[in-house]
Amino acid sequence: MRRWNGWGDESIHVALPEEGARLLRRSLGEGRPQTDCTFESLLHRIPACRIPPHPCIQTDAPTRLIHSHGQSLPDWVGLRAGSLERFPDGVAFPENSEQVEDLFQFCRAQHVIVIPHGGGTSVVGHLQIPAKDLPVLSLSMKRMNQMMALNATDQLATFGAGISGLQLEGTLQPKGFTLGHFPQSFEYSSLGGWVATRSCGQQSSYYGRIEDLYAGGELISPIGRLVLPNFPASAAGPDLRQLVLGSEGRMGVLTRVTVRLSRIPEKDDVYTFFFPTWQSGISAVRTIARAGISFSMMRLSNPAETRTLLSLAGNKGKVDWLERYLRWRGLPRDHACICLIGFTGTRRQVRTARCESLAVIRRNNGIALGKLLGKQWKKNRFRTPYLRNTLWNCGYAVDTFETAVNWDGVTATLTAIETAVGDSLAAWKENVHAFSHLSHVYPTGSSLYTTVVFRLADAAEEILARWRAIKAAACRTITAGGGTISHQHGVGTDHRGYLEKEKGSLGIGLLKQVYRHIDPEGLMNPEKLIE
Ligand SMILES: Cc1cc2nc3c(=O)[nH]c(=O)nc-3n(C[C@H](O)[C@H](O)[C@H](O)COP(=O)(O)OP(=O)(O)OC[C@H]3O[C@@H](n4cnc5c(N)ncnc54)[C@H](O)[C@@H]3O)c2cc1C
């Protein structure tokens, strides 16, 4: 069963190894575990429902509580401390497009706000209940989770937009196909949510980001159906899919999504490399990305992240052996950078790509460690977020920030983000443990992904104040460094204030006109993306 106040399945617990606990104590001080509020006590906070009865809408308190939030840090604080204040008035579970249309008619007539709900995994406040004094309906897409068509010749498949990553691959892989979209939230996040947030999977360098995979489909808006045909390519004016991608529920609800598939590859391996310094690692991954070598993922951790990963790895004997080996090969412990590179395709493609990459890596003084650690990473890649539950129970909060910048700004922006977040809790005399990696590497630049860990405080308001200070420091530094406010998590409420700098006032004005046209009463997920 899904955990109601944290990440993932309730039965899965990931332990914090003693080495990792020691690192956090050294860096942040003893954790401050808090007493969690119970599910039952939160139910008492839920006010009476303001939506008139409708046969498709459930109004019981547990269902409303479960659909009141995503996975952002403020969402976590609200759930754990019991300070959550806003809840949807009801939740609908439509099973087809006609039911969605019927619900929209009802909501327009009754002035009810609609928030499309996919997997509920947003980390930037996409699902926050607006402050407006109108009733709110959460429209769960969970029951629209079937494959509707598969065309093996065209390599296209159409799904109900509520299908989760796990269900989608579970349907495609036995038929010899894969979408290849593996965000770390893959177990729960949905196809419609991926499109609505412009999500990016871990192996997007081979399979493509969601905007490459999204071929078309259907969006039901308050004023009608928008059907997006799937052409292999088209020059027929602006591509309307680009308006739907990243629309964050503002234009309506995606009901059907057609995606471009790949055959399951013959080989899908992840290799591990170490570099003596950050500069040598950057030089190697940039060269590989520019040389046209085929890789599915390339993830270069900075020295702080490399040390943190090794201390969280758990297997002390093996980690000690690895550190001795790295020392013997002349890699200084404090500067070494771990790098994972995935190669996907036919045996021949993988062999060629690996050989070409290896030559670049050797020229940059990197050393190859083979497939063992990569296998381990693949096995655990969806388990890492479970550590967030464990750390919270030990008295530490975790959040992540991400952006993408061109190569000439990569190192400077990453250093500036770590410095800014590192200093952001000085007023509280608290430290922030920050570490980063390049998560998606492109010929012209890279995404940067920073994880922060900080201590909890006794009051929910104080935890939130600390988080706001860290978040503001990260976002200000990202925009000052010329980075996008999001490479993969989207805008939601948390990044909304930074969007105009990126799009310009004319750009924001254009988006406002589109949303006003398609949603004249302003009922679709208000307060997200733009004011
Ligand atoms: C542990 C963890 C790891 C993550 N890793 C990644 C990652 O690797 N890459 C990445 O890109 N993101 C990642 N995320 C962020 C998140 O999973 C993505 O933003 C994801 O795309 C959200 O999908 P969802 O179905 O959960 O959408 P939700 O959270 O339910 O909704 C997000 C937004 O999309 C809208 N929406 C949802 N479904 C529809 C629909 N059918 N029609 C219209 N609008 C809709 C909602 O209204 C809302 O505005 C991670 C999150 C967590 C918690």
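Modeller: Buried means under 20% relative accessible area, exposed over 50%, and partly exposed in between, with a 1.4 Å probe and protein chains only. This is a predicted model, in which local features need pLDDT of at least 70 and side-chain atom pairs count only at pLDDT 80 or more, while totals for chains, interfaces and linings use all residues. Residues are numbered from 1 along each chain as its sequence is written, and side-chain values use heavy atoms, with hydrogens and water left out.

Biologist: Is Cys200 buried or exposed?

Modeller: The relative accessibility of Cys200 is 5%. The cut-off for buried is under 20%. Cys200 therefore counts as buried.

Biologist: How many disulfides does the structure hold?

Modeller: A disulfide is a pair of cysteine sulfur atoms within 2.5 Å. For Cys49, which is in no disulfide, the nearest cysteine sulfur is that of Cys107, 11 Å away. Cys200 is in no disulfide either, as its nearest cysteine sulfur, that of Cys339, is 16 Å away. The number of disulfides in the structure is zero.

Biologist: How are H17 and H18 oriented to each other?

Modeller: Helices are DSSP runs of H or I with at least four residues, strands are runs of E with at least two, and both are numbered from the N terminus. Axes are lines fitted to C-alpha atoms, for helices over the stretch in contact, and angles run from 0 to 180 degrees between N-to-C directions. The axes of H17 (residues 410-423) and H18 (residues 460-480) come within 8 Å and cross at roughly 155°. Since angles under 35 degrees count as roughly parallel, over 145 as roughly antiparallel, 65 to 115 as roughly perpendicular and the rest as oblique, H17 and H18 are therefore roughly antiparallel.

Biologist: Which residue classes make up the contact of H17 with H18?

Modeller: Contact means heavy atoms within 4.5 Å. It is made by Ala416, Ile417, Ala420 and Val421 of H17 and by Ile470, Ala473, Ala474, Thr477 and Ile478 of H18. Ala, Val, Leu, Ile, Met, Phe, Trp, Tyr, Cys and Pro count as nonpolar, Asp, Glu, Lys and Arg as charged, and the others, Gly among them, as polar. By class, the contact of H17 with H18 has eight nonpolar, one polar and no charged residues.

Biologist: How is H4 oriented to H18?

Modeller: H4 (residues 73-81) packs with H18 at an angle of about 170°, their axes being 10 Å apart. This makes H4 roughly antiparallel to H18.

Biologist: Which residues of H18 does H4 meet?

Modeller: The contact of H4 with H18 has eight nonpolar, no polar and no charged residues. From H4 come Leu73, Pro74, Val77 and Ala81, and these meet, in H18, Ala460, Ile463, Leu464 and Trp467.

Biologist: How are H1 and H12 oriented to each other?

Modeller: H1 (residues 18-28) and H12 (residues 303-312) have axes 6 Å apart. They pack at an angle of about 135°. H1 and H12 are therefore oblique.

Biologist: Where does Glu248 lie?

Modeller: Glu248 has a positive phi of about 55° although it is not a glycine. At 5% relative accessibility, Glu248 counts as buried. Its place is the loop between helix H10 (241-244) and S10.

Biologist: In which strand is Thr258 found?

Modeller: Thr258 counts as buried, at 5% relative accessibility. Beyond its neighbours within four places in sequence, Thr258 is in contact with residues including Leu156, Tyr214 and Asn230. Thr258 is found in strand S10.
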